[in-house]
Amino acid sequence: MDRIYRRMREEITRKIFAFVGNDVVIRPKLKISYLNKVSIGSRSSIGDRSMIVASGGLLIGDDVMMGPEVMIFTQNHEIPPLGKKIIDGEIVTKKVVIEDDVWIGARVIILPGAVIGKGTVIAAGTVVPGKVYPDNVVLGGNPAKIIKYRNSLNN
């Protein structure tokens, strides 16, 4: 029975997302906006109770694992100069890119403009600012910092 529900969810996502690969898993209670700007690669998953605001676009590569309650934002408010009310600041949108083979831990927050390199692991609770991160690193903290580089199988 679970296989039938999974297949139904996959068919529905193909109709409402920009792109959906094969064997995608969308866990329950996901909150997502701008579905037509989200692409999800094959064998990728989005965890329980995650929240995605994708007005700037979101590209999720192949083989990406997301834990529960991950938040991804592709828009934010600028901080205006003194003399201008904060509420009158501009809204800035920037695409988020998550390359292939990435593991995103529980309650990670990814901010507009972040580009997460292939083979990256992001520790639970990390806040990832909008910048480019290299391949094959372990990120952690607030703001995210490289904790270490992943070792090759030969080391």
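The legends below walk through an overview and several close-up views of this predicted model.

Residues are numbered from 1 along each chain as its sequence is written. Because the model is predicted, local features need pLDDT of at least 70 and side-chain atom pairs count only at pLDDT 80 or more, while totals for chains, interfaces and linings use all residues, and side-chain values use heavy atoms, with hydrogens and water left out.

**Overview. The protein chain has one helix and 20 strands.** Helices (H or I, at least four residues) and strands (E, at least two) are DSSP runs, numbered from the N terminus. Along the principal axes, the C-alpha atoms fill a box of roughly 60 × 45 × 20 Å. Of the 155 residues, 38% are buried. Here buried means under 20% relative accessible area, exposed means over 50%, and partly exposed is in between (1.4 Å probe, protein chains only).

**View 1. Helix α1 carries M8 and R9.** This helix covers residues 2–16. R3, R6, R7 and R9 form a positive surface patch, and R9 is partly exposed because its relative accessibility is 31%. I4, Y5 and M8 make a nonpolar surface patch of about 310 Å². M8 is partly exposed too, with a relative accessible area of 45%. Patches are made of residues with over 30% relative accessible area and no salt bridge; like charges are joined within 9 Å, and nonpolar side chains (Val, Leu, Ile, Met, Phe, Trp, Tyr) within 5 Å. Accessible areas come from the Shrake-Rupley method with a 1.4 Å probe, and for residues only the protein chains shown count as cover. Lys and Arg count as positive and Asp and Glu as negative, leaving out His and the chain ends; the place of a charge is NZ of Lys, CZ of Arg, CG of Asp or CD of Glu.

**View 2. R27 and D48 form a salt bridge.** A salt bridge is a side-chain nitrogen of Lys or Arg within 4 Å of a carboxyl oxygen of Asp or Glu, and the whole structure has five of them. For R27 and D48, the closest N and O atoms are 3.4 Å apart. R27 sits in the loop between β2 (25–26) and β3 (31–33) and D48 in the loop between β5 (45–46) and β6 (51–53), so the pair ties together parts 21 residues apart in sequence. With 38% relative accessibility, R27 is partly exposed.

**View 3. R43 meets D63 in a salt bridge, at 2.7 Å from N to O.** The pair links distant parts of the chain, 20 residues apart: R43 is in the loop between β4 (38–40) and β5, and D63 in the loop between β7 (58–60) and β8 (65–66). R43 is exposed at 57% relative accessibility, whereas D63 is partly exposed at 29%.

**View 4. R49, E69 and R107 are linked in a network of salt bridges.** The side chains of E69 and R107 meet at 2.4 Å, N to O. E69 lies in the loop between β8 and β9 (71–73) and R107 in the loop between β13 (103–104) and β14 (109–110), 38 residues apart. E69 is partly exposed, with a relative accessible area of 21%, and R107 is exposed, with 54%.
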